[in-house]
Amino acid sequence: MSSDPYENLSISTGAVAQPNTSLVNKTGSWRQFRPVIDADACIGCGQCDTYCPDQAAKQVDDQLYGIDLDYCKGCGICAEECPTDAIEMIREDS
Ligand code: SF4
Ligand code: SF4
């Protein structure tokens, strides 16, 4: 597969034409809110990783979690599911 699986396809924006192509869908470009994790409040439970639809919440250290903003679309599910309210959604323009 080429590095861009959509290269030779004529498809509508947002359509999924092939499996295993999520890495080329950088959803972070249209995010309006971004999650910010309070490292002091994070207990490393991984709920944000479990529930994130874009697998943008990742373990970055033994216990801490971080957000890959290239793939985070700002849906806020991680903040809703975080048991310690460690994630705050911040407007991108603030
Ligand atoms: S859900 Fe909250 S407490 Fe759990 S790993 Fe993610 S940020 Fe940390
Ligand atoms: S805001 Fe949504 S896409 Fe971004 S890390 Fe949280 S759950 Fe994933």
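## Close-ups of a predicted two-ligand chain

The protein chain has an accessible surface of about 6,500 Å², and 45% of that belongs to carbon and sulfur atoms. Areas here come from the Shrake-Rupley method with a 1.4 Å probe, and for residues only the protein chains shown count as cover. This is a predicted model, where local features need pLDDT of at least 70, side-chain atom pairs count only at pLDDT 80 or more, and totals for chains, interfaces and linings use all residues. Residues are numbered from 1 along each chain as its sequence is written, chains are lettered from A and ligands numbered from 1 in the order in which they are written, and side-chain values use heavy atoms, with hydrogens and water left out.

**View 1. The fold, end to end.** Two helices and four strands make up the secondary structure of the protein chain, in the order β-α-β-β-α-β along the sequence. Both kinds of element are DSSP runs numbered from the N terminus: helices are H or I with at least four residues, strands E with at least two. Of the 94 residues, 26% are buried (under 20% relative accessible area; exposed is over 50%, partly exposed in between, with a 1.4 Å probe and protein chains only). Take the contacts (heavy atoms within 4.5 Å) between residues at least 6 apart in sequence: 59% of them join residues at least 24 apart.

**View 2. Around ligand 1.** This ligand has 13 residues around it, with C42, C45, G46, C48 and C82 the closest. To make the list, a residue needs a heavy atom within 4 Å of the molecule. The shell splits into nine nonpolar, four polar and no charged residues. For these classes, Ala, Val, Leu, Ile, Met, Phe, Trp, Tyr, Cys and Pro are nonpolar, Asp, Glu, Lys and Arg are charged, and the others, Gly among them, are polar.

**View 3. Around ligand 2.** Here, too, the shell holds 13 residues, and C52, C72, C75, G76 and C78 come nearest. By class there are 10 nonpolar, two polar and one charged.

**View 4. Inside the largest nonpolar core.** This core has 13 residues, of which C48, A56 and I87 touch the most other members. A core here is a set of buried Ala, Val, Leu, Ile, Met, Phe, Trp, Tyr and Cys residues joined through side-chain atoms within 4.5 Å. Beyond its neighbours within four places in sequence, I87 contacts P35, V36, I37, C48, C78, A79 and C82.

**View 5. R34 to E92.** The structure holds four salt bridges (a side-chain nitrogen of Lys or Arg within 4 Å of a carboxyl oxygen of Asp or Glu). In this one, the R34 and E92 side chains meet at 3.1 Å, N to O. The pair ties together distant parts of the chain, 58 residues apart: R34 sits in strand β1 (residues 33–37), E92 in the segment after β4 (87–91). R34 is partly exposed at 24% relative accessible area, and E92 is partly exposed at 29%.

**View 6. D54 to K73.** These two side chains form a salt bridge at 3.5 Å, N to O. The link again joins distant parts of the chain, 19 residues apart, with D54 in the loop between α1 (47–51) and β2 (57–59) and K73 in the loop between β3 (65–67) and α2 (77–81). D54 is partly exposed at 25% relative accessibility, as is K73 at 28%.

**View 7. R91 to D93.** The side chains of R91 and D93 meet in a salt bridge at 3.1 Å, N to O. R91 is partly exposed at 38% relative accessibility, whereas D93 is exposed at 62%.
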